[in-house]
Amino acid sequence: MAGLRAAVVPVTPFQQNCAILFDETSKRGAVVDPGGDVGRILEAVDKLGVTPEQILLTHGHIDHAGGAAALQEALRARPGAGEVPVVGPDERDRFLLEGLEEQGRAYGLDGARNVTPDRWLAEGEEVEVGGHAFSVLHCPGHTPGHVVFVNAAAKFAVVGDVLFRGSVGRTDFPYGDTEALLRSIRDKLFPLGDAVAFICGHGPGSTIGAERLGNPFVGQGAR
């Protein structure tokens with residue numbers, strides 16, 4: 001990925017893919033979707049020798065954002081650390097981030113804390129990770145404010161719970177929207193190109209081409 005590297009740390013009982021993105025030379029990077037198990041994330045960061053400069057969130061569900069406040073606090077406490085802002089998602093997920101503690105009680109997960117991002121994101125904006133630019137796509141359906149991060153140069157994306165290998169994100173929430181989710185995939189992710197590889201929120205990653213061809217929900221054979 002032309003100097004851009006990614007490592008995945010499965011966290012929480014939901015085995016959510018927390019991603020550590022970084023530049024292989026400078027070791028500057030970001031943590032994406034720290035849903036919990038903050039100690040495990042910090043161990044991975046230290047083993048990789050990465051300096052996280054920000055925390056990116058794709059959406060406001062507890063398994064993706066429940067550890068963001070605690071991770072930010074831990075990283076800021078390190079010698080020489082900067083602000084380590086929490087960035088994203090789209091502000092339409094504010095109600096979820098303000099209800100993380102309530103989500104934790106509902107799912108029996110301890111330690112989740114509400115969080116307010118230092119910066120909300122919108123379609124068309126960019127974030128920089130270790131000198132690598134990621135474009136922001138608003139891909140609602142799973143949640144109203146879900147965003148996806150795309151590095152065109154490396155043909156790489158972090159898609160959260162929008163698209164999976166052989167599946168798509170859940171929409172059976174009161175705020176879910178199946179048609180919006182399918183439009184997000186077909187109109188925003190598929191046009192990225194078949195060569196784009198992605199990390200998803202759970203399970204193994206895939207490529208846009210593989211899902212365009214064989215995904216039973218949105219692929220060529222989908223009804």
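Helix 2 (62-65) and helix 4 are the elements against which the buried residues of helix 5 pack, where contact means heavy atoms within 4.5 Å. The structure is a predicted model, in which local features need pLDDT of at least 70 and side-chain atom pairs count only at pLDDT 80 or more, whereas totals for chains, interfaces and linings use all residues. Residues are numbered from 1 along each chain as its sequence is written, and side-chain values use heavy atoms, with hydrogens and water left out.

**Exercise 1.** Work out which residues of helix 5 are buried and which exposed residues lie on the face turned away from them.

*Solution.* Begin with the terms: helices (H or I, at least four residues) and strands (E, at least two) are DSSP runs numbered from the N terminus, and a residue is buried under 20% relative accessible area, exposed over 50% and partly exposed in between (1.4 Å probe, protein chains only). Within helix 5 (residues 100-107), the buried residues are L100, Q103 and G104. They lie on the same side of helix 5, because they cover an arc of only 105 degrees around the axis, the arc being that of the directions from the helix axis to the C-beta atoms. An α-helix has 3.6 residues a turn, so residues three or four places apart point the same way. The face of helix 5 turned away from the buried side carries the exposed residues E102, R105 and A106. Just after helix 5, G108 takes a positive phi of about 70 degrees.

**Exercise 2.** Determine which residues of helix 3 are buried and against which elements they pack.

*Solution.* In helix 3 the buried residues are A68, A69, L71, Q72 and L75. Seen down the axis, they fall within an arc of 165 degrees and therefore line one face of helix 3. The elements that these buried residues pack against are strand 3 (28-32), helix 1, strand 4 (51-56), helix 2 and strand 5 (86-87). For L71, leaving aside its neighbours within four places in sequence, the contacts are V31, P34, V38, I41, L42 and I55.

**Exercise 3.** Find which residues of the largest nonpolar core touch the most other members, and which element gives the largest share.

*Solution.* A nonpolar core is a set of buried Ala, Val, Leu, Ile, Met, Phe, Trp, Tyr and Cys residues joined through side-chain atoms within 4.5 Å. The largest one has 29 residues, of which I20, I41, I55, L57, L71, L97 and V115 touch the most other members. At least two residues each come from strand 1 (4-11), strand 2 (16-23), helix 1 (38-48), helix 2 and helix 3 (68-76), and helix 1 gives the largest share, five residues. A second, separate core of 20 residues includes V150, V159, L163 and L189.
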